[in-house]
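Student: I am new to this structure and would like to go through it slowly. Could you show it to me before we begin?

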Amino acid sequence: MRARPGVKKLIVFRLVSYDGTRTEVKKMNRDSALSGFKLTTRQLAISGMLGAIAIILGVTRLGFIPVPTPAGHATIMHIPAILGGILEGPIVGALVGLIFGVYSFLNATNPMFADPLIAILPRIFIGMAAYYSYKYLWKNSAIAATLGTLTNTIGVLGLATLRGYLPAKVSLTIAFVHGTPEVVVAILLVFILVKALKRAGY
């Protein structure tokens, strides 16, 4: 049945107290309730653009910055997901991370990344972690960059350990040797980019 023009669609919630003695009914406009789950055309475009940047960083190897550590380089392929979360919210951040993860999965040269749980799942949470840390921790882009990067590092290595691809000791060593320069590079790049975009009126 179609709703009549001018008639608002409501969602009704019935809240019951823990002991069951009190109930409360709340009504909410359906469009308002679902607005947080909708993506605008602009957000979809930005998700695609940032996802494309992540792919380009991987294809061209520009996403791997040489650093003087045993790891040899720090990846910045996760930076677009962090920026998406900070600038456009958790859903955009999650979509960009998803694109990054799918690219990593489809181009896996290591059995560990041929596992979609490892290649894709942790990457979805990069932008979400960046968004919520930026929103609730003083709008500090350095903190958002740190937590977004750690979400990627800890998520990937943690799942790799749980699924038997790496021993815990090896994962901890990689996290320290590889993760430290990635956090430093992420802080510098995200701070510079967010500051420049905010100054430009973004």
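Tutor: Let us begin with a term: contact means heavy atoms within 4.5 Å. This is a predicted model, in which local features need pLDDT of at least 70 and side-chain atom pairs count only at pLDDT 80 or more, while totals for chains, interfaces and linings use all residues. Residues are numbered from 1 along each chain as its sequence is written, and side-chain values use heavy atoms, with hydrogens and water left out.

Student: Leaving aside its neighbours within four places in sequence, with which residues is Gly155 in contact?

Tutor: Gly155 lies in helix 7, where helices (H or I, at least four residues) and strands (E, at least two) are DSSP runs numbered from the N terminus. Once the neighbours within four places in sequence are left aside, the contacts of Gly155 are Pro122 and Leu150.

Student: How far apart in space are Gly155 and Phe125, C-alpha to C-alpha?

Tutor: In sequence, Gly155 and Phe125 are separated by 30 residues. In space, their C-alpha to C-alpha distance is 8.8 Å.

Student: Why is helix 6 described as roughly antiparallel to helix 7?

Tutor: Axes are lines fitted to C-alpha atoms, for helices over the stretch in contact, and angles run from 0 to 180 degrees between N-to-C directions. Helix 6 (residues 121-136) and helix 7 (residues 141-162) have axes 8 Å apart and pack at an angle of about 155°. Helix 6 is therefore roughly antiparallel to helix 7, since angles under 35 degrees count as roughly parallel, 65 to 115 as roughly perpendicular, the rest as oblique, and those over 145 as roughly antiparallel.

Student: Is Gln43 buried or exposed?

Tutor: Gln43 is found in helix 2, which covers residues 41-59. Buried means under 20% relative accessible area, exposed over 50%, and partly exposed in between (1.4 Å probe, protein chains only). Because its relative accessibility is 15%, Gln43 counts as buried.

Student: What share of the residues of the protein chain count as buried?

Tutor: The protein chain has 8 helices and 4 strands, and from the N terminus on its elements run β-β-α-α-β-β-α-α-α-α-α-α. Of its 202 residues, the share that count as buried is 35%.
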